[in-house]
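Visitor: I am new to this structure. Please pick one part of the chain, look at it closely, and then place it in its surroundings.

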Amino acid sequence: MFVIVAFVAGSSYLGGGFFMRCGTHTKVKQGNQANAHGYGNVMGGTQGEEVLFEKRWQRYAAIAAYFCGVCERNMNRDIMATMEATQPTAYTGLKAQKQQKKRKAVAIWLVAGVIMLMIQILLGGATRLTGSGLSITEWKPIHGAVPPLNQAQWQEEFENYKVKASGQYQYENSDFTLSDFKGIYWWEWSHREWARLVGVVFLIGFIYFLARGYLSKDMVAPLVILFILGALQGAIGWIMVQSGLNPDDVRVSHIKLALHFLAALVLLAYTYIFALKLLAAEGQKQSFPALNRLSWILLVLLSVQLCFGAFMAGLRAGPAAPTWPTVNGEWIPGNLSQYGNQQYSGIDRHISNPIGVQYIHRTLAYLIFGFAIARFIVNQKVAGRPEFRLLRRAGRATFLLTCLQVLLGIFTVLSAKNIIPQHFGQYEWLALAHQAVAMCLLLAIVTDLYLLNAKRGVVAV
Ligand code: HEM
């Protein structure tokens, strides 16, 4: 049904209709002849079939007319044309107002998308923290929307898990009952189901706004890229899950987890920048080279830090050194070639050894904190000027979020001593909050950079 409505709306939008002209259009074009439809039976058939065909299409046409808004646009166009000729000043004002209204509507849709993506990433975090990521062993983007509906189907899923995720099952969950399995299954299913919902919200919004003429030509290509990034993200997610479906591993590869996490952040930032472009006018942007440089340094450091954060999460590196300020009593960890029974060499000592990863994650955090202080001081220099209110606020948000993030990281590490297996406790809640603030920090720095990217002249600090 949706596809039909979308098609009819689209076809009406793209030049008067492939199958027909809707009743409402005809009414506008032909005065009182509300029922005189100009559409024909393109499929042929008897007269009876034609009547049936016509009635059915009348119904679809009414729905399409509502969604596509062609009639409304036709009327508006006439009114606007008259206005342009008779009251040019009022016409310009009204046109700008209408344009603004459309941009706002699209921006609200994109902001809703940003919030949904953040929830999606947090659901991913909860899935990982509950050890649920390998519970669904197949990738069915459409059919997977329906969870097991009866005992036999649940049992089948559980057996699939035992065989395909045999490493995790044998080493960590061999005592699992069906009820325990259902517990982890629901987390992974919710993560995937929410992703489907995000896709649907984006798709419906896209078709609706396209049909109503809310999307200017330059908006279409970025939105198509957004869909491609979304599809890619699903594929990366599955590649990540596959890396843990074997007899040897108990969890997915931390490198692939980082890839999945970073790709999600790219999608989030991309959608957010798109919304920002519609919400923040060019007049609100400024050019301060010193602030711009510091913001870029912060963005680069943060990107590396987000990657190491995901390594921390994927390797469960928090519990490996649940102390602060030292790393298990050492200021600089001595032997990174060994952790437990595992040997590490070369770069692996820093990206695969949990202690090495935690040490780098901490060091980067202090570095980011230092640059955030420097940026804050420079930001305060411009704080006095009322016209830079938005930039000032974004700058302060960046600083406060950095402080909060460092504190949350420290408390997360310290709470790792209290982890209780199969229990969502203090460590897990703090880790989730740490993930949420990381996303907010990224968006705050993106906002800083966006607002600092003015096309106008440079203001020296
Ligand atoms: C600017 C500073 C920081 C940023 C941006 C940051 C970012 C992140 C991110 C993105 C994650 C992974 C979240 C996930 O995929 O679930 C993470 C994990 C983690 N971070 Fe940080 N972090 C920062 C500072 C710190 C500090 C100072 C510490 C400790 C001293 C710390 C300890 C941890 C721990 C223990 C985890 C693993 C949590 C888990 O098991 O899920 N972080 N961090």
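Guide: Helices and strands here are DSSP runs, at least four residues long for a helix and at least two for a strand, and they are numbered from the N terminus. The model is predicted. By that numbering the protein has 15 helices and two strands.

The peptide bond that runs from Trp324 to Pro325 is cis, and its omega is near 10°. Asn328, in the loop between helix 11 and strand 1, has a phi near 50°, which is positive although the residue is not a glycine. Arg316, found in the loop between helix 11 and strand 1, also has a phi near 50°, again a positive value in a residue other than glycine.

Across the protein, buried residues make up 31% of the 461 residues.

Helix 11 (289-315) is among the elements that give two or more residues to the shell around the ligand. That shell has 29 residues, and the closest to the ligand are Gly309, Gly318, Ala365, Gly409 and Ala431. Besides helix 11, the elements giving two or more residues are helix 5 (88-129), helix 13 (354-381), helix 14 (389-415) and helix 15 (426-451). By type, the shell consists of 16 nonpolar, 11 polar and two charged residues. Domain 2 (102-279) and domain 3 (285-461) each supply at least three residues to the shell.

The largest nonpolar core has 66 residues, and Leu268, Ala310, Phe311 and Leu442 have the most contacts inside it. Helix 11 is the element that gives the most to this core, with 12 residues. Because domain 2 (102-279) and domain 3 (285-461) both contribute residues, this core lies between them. Apart from residues up to four places away in sequence, Leu268 touches Val114, Leu117, Met118, Ile121 and Met439. A second core, separate and made of five residues, includes Val413, Ala416, Tyr427 and Ala431. Ala431 is also one of the residues closest to the ligand.

Val111 lies in helix 5 and, with 17 other C-beta atoms within 10 Å, is partly exposed. Its C-alpha atom is separated by 9.2 Å from that of Phe274, a residue 163 places away along the chain. Ala105 lies in helix 5 as well. It is partly exposed, with 16 other C-beta atoms within 10 Å. Between Ala105 and Tyr214 there are 109 residues of separation in sequence but 8.3 Å in space, C-alpha to C-alpha.

Another loop, between helix 5 and helix 6 (151-164), holds Ala145. This residue has 12 C-beta neighbours inside 10 Å and so counts as exposed. Leaving out residues up to four places away in sequence, Ala145 touches Glu193 and Arg196. From Ala145 to Glu193 the C-alpha distance is 6.1 Å, while the two are 48 residues apart in sequence. For the protein overall, among contacts between residues at least 6 apart in sequence, 76% join residues at least 24 apart.

A last point concerns confidence. The average pLDDT of the protein is 86, and 82% of the residues score at least 70. Residues 1-45 have a pLDDT below 50, and this stretch has 71 contacts in the model beyond near neighbours in sequence.

Notes:
Residues are numbered from 1 along each chain as its sequence is written. This is a predicted model: local features need pLDDT of at least 70, side-chain atom pairs count only at pLDDT 80 or more; totals for chains, interfaces and linings use all residues. A residue is buried if 20 or more other C-beta atoms lie within 10 Å of its own, exposed if 12 or fewer, and partly exposed in between; C-beta atoms are placed from the backbone. Two residues are in contact if their C-beta atoms, placed from the backbone, lie within 7 Å. A residue is near a molecule or strand if its C-beta atom, placed from the backbone, lies within 6 Å of it. Ala, Val, Leu, Ile, Met, Phe, Trp, Tyr, Cys and Pro count as nonpolar, Asp, Glu, Lys and Arg as charged, and the others, Gly among them, as polar. Domain bounds come from an automatic or database domain assignment. pLDDT is the predictor's confidence in each residue, from 0 to 100. A nonpolar core is a set of buried Ala, Val, Leu, Ile, Met, Phe, Trp, Tyr and Cys residues joined through C-beta atoms within 7 Å.
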